[in-house]
Amino acid sequence: MASTALHRSKVPSGSAGSTAAAAQLPPTAPQVLRRCRELAAPALSEAIDTLHPWVAEMARYALGRCEVGGAPADHGQGKGVRQALAVLGAEVVSGPSEAGVPGAVAVELVHVFSLLHDDIMDGDALRRGRPAVWKAYGTGPAVLAGDALFALAVETVATTSQAGLAVRQLTTALGDLVRGQADDLLFADRPWTGSGAVGAGEYETMAEGKTGALLGCALALGARLAGAPGPTVTVLDRAGRHLGVAFQIADDVLGIWGDPSVTGKPVHGDLRQGKKTLPVLAALAAPGCAELAELLGASRSLDGAGARRAAALVERAGGRAAAVREARRHLAAADTLLAGVPLAQGPAAELRTVLSALADRTV
């Protein structure tokens with residue numbers, strides 16, 4: 001993907017020229033994400049306030065806004081990629097930013113709902129460095145909170161002027177998300193090698209559903225709520241799905257080599273759990289993978305030393321590099337799709353800035 005960074009000539013530090021140049025620089029990805037989060041924040045809070053008080057507390061805890069018991073807090077809330085895509089989806093079709101806010105709220109509610117249930121299914125005890133909701137409140141309450149967020153997301157788009165099409169957009173994405181999650185769970189029982197092994201193509205179909213469906217929905221829903229024509233909405237949905245596959249691959253890389261202080265999860269967590277991630281699948285498809293296959297195929301779970309050895313073997317076989325290349329390929333595909341539809345220049349540049357930042361996340 002072509003970089004969206006501005007090529008700047010050198011200007012002496014502290015000069016009037018440097019001040020003017022700084023003023024003309026386009027916003028960075030963190031600035032775009034923060035702007036969109038702040039725009040959607042009041043509506044998101046208002047929506048959560050309509051829930052049962054206990055359920056609302058769990059939702060705020062999941063968002064990092066309170067502690068168990070409801071005491072206010074300000075923990076990390078994530079980057080808000082899905083919220084930003086919904087707002088940018090409205091802006092790139094020349095609609096007002098506010099048109100994308102109901103979509104931003106809906107996709108964020110669905111995202112949090114999916115994380116609550118995902119942590120339970122995967123047995124993940126931590127989320128962003130804190131006990132996951134199911135660990136903090138119990139499994140039953142966490143399931144209940146997730147169900148409430150799902151219902152609230154549908155209600156949020158059902159009250160818009162594009163209710164019928166918007167609800168269909170959201171529920172279609174939800175169906176794809178569930179199919180992707182089902183495949184991901186079933187992958188756990190399949191062998192690492194041999195005729196029943198998970199292929200890279202199957203993995204990418206799973207990733208498109210589990211992660212791409214909601215990112216595509218976010219971008220398309222914002223555009224739809226801003227009144228964009230159907231063909232444009234379809235292209236934006238496809239671009240977002242490519243982005244989602246790249247995003248999931250990036251998570252796979254972080255799941256093996258990420259810094260726990262950044263990811264909020266234990267180092268080598270995905271390897272310890274035996275998850276079928278793209279870096280590992282790519283490494284197993286490379287020549288000379290016998291030791292890795294034997295290590296992963298052992299009946300026991302990997303301990304710390306085994307996980308470290310597996311991570312080293314995956315990297316040595318080129319699994320990490322192959323995953324990064326594949327993520328960048330999907331990001332390039334998203335960029336090509338965006339170039340094929342008429343989009344507002346400024347918002348489109350901001351959208352590409354966000355895509356480029358996601359590419360950097362995979363390195």
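User: Where does Gln-248 lie, and is Gln-248 buried or exposed?

Analyst: Helices (H or I, at least four residues) and strands (E, at least two) are DSSP runs, numbered from the N terminus. Gln-248 belongs to helix H10, residues 230-257. Burial is judged by relative accessible area: under 20% is buried, over 50% exposed, and anything in between partly exposed (1.4 Å probe, protein chains only). Gln-248 counts as buried because its relative accessibility is 10%. The model is predicted, so local features need pLDDT of at least 70 and side-chain atom pairs pLDDT 80 or more, whereas totals for chains, interfaces and linings use all residues. Residues are numbered from 1 along each chain as its sequence is written, and side-chain values use heavy atoms, leaving out hydrogens and water.

User: Which residues is Gln-248 in contact with, leaving aside its neighbours within four places in sequence?

Analyst: Contact means heavy atoms within 4.5 Å. On that basis, and with those neighbours set aside, Gln-248 is in contact with Tyr-203, Ala-207, Lys-210 and Thr-211. The side chains of Gln-248 and Thr-211 are also joined by a polar contact of 2.4 Å. A polar contact is a pair of N or O atoms within 3.5 Å; within protein, one must be able to donate a hydrogen and the other to accept it, and residues adjacent in sequence count only if both atoms are side-chain atoms.

User: How is a pair of packed helices described?

Analyst: The description consists of the angle between the two axes and the distance between them. Axes are lines fitted to C-alpha atoms, for helices over the stretch in contact, and angles run from 0 to 180 degrees between N-to-C directions. Helix H7 (residues 139-158) packs with helix H8 (residues 163-187) at about 150°, the axes being 8 Å apart. H7 and H8 are therefore roughly antiparallel; angles over 145 degrees count as such, under 35 as roughly parallel, 65 to 115 as roughly perpendicular and the rest as oblique.

User: Which residues in H7 and H8 meet?

Analyst: Phe-150, Ala-153, Val-154, Val-157 and Ala-158 of H7 meet Ala-163, Ala-166, Val-167, Leu-170 and Leu-174 of H8. This contact comprises 10 nonpolar residues, no polar and no charged ones. Here Ala, Val, Leu, Ile, Met, Phe, Trp, Tyr, Cys and Pro count as nonpolar, Asp, Glu, Lys and Arg as charged, and the others, Gly among them, as polar.

User: At what angle do H8 and helix H9 pack?

Analyst: H8 and H9 (residues 200-225) pack at about 165°, with 8 Å between their axes. H8 is therefore roughly antiparallel to H9. The residues in H8 that meet H9 include Leu-165, Asp-176 and Phe-187, and their counterparts in H9 include Glu-202, Lys-210 and Leu-225. The contact of H8 with H9 divides into 14 nonpolar, four polar and six charged residues.

User: Which residue other than glycine has a positive phi near 55°?

Analyst: That residue is Arg-128, in the loop between strand E1 (126-127) and strand E2 (130-131). Arg-128 is partly exposed, at 34% relative accessible area. Ser-94, likewise not a glycine, has a positive phi of about 70°. Ser-94 sits in the loop between helix H4 (81-92) and helix H5 (101-122), and is exposed at 60%.

User: What does His-111 touch, not counting residues up to four places away in sequence?

Analyst: His-111 touches Arg-82, Arg-128 and Leu-214. His-111 is found in helix H5 and counts as buried, at 11% relative accessibility.
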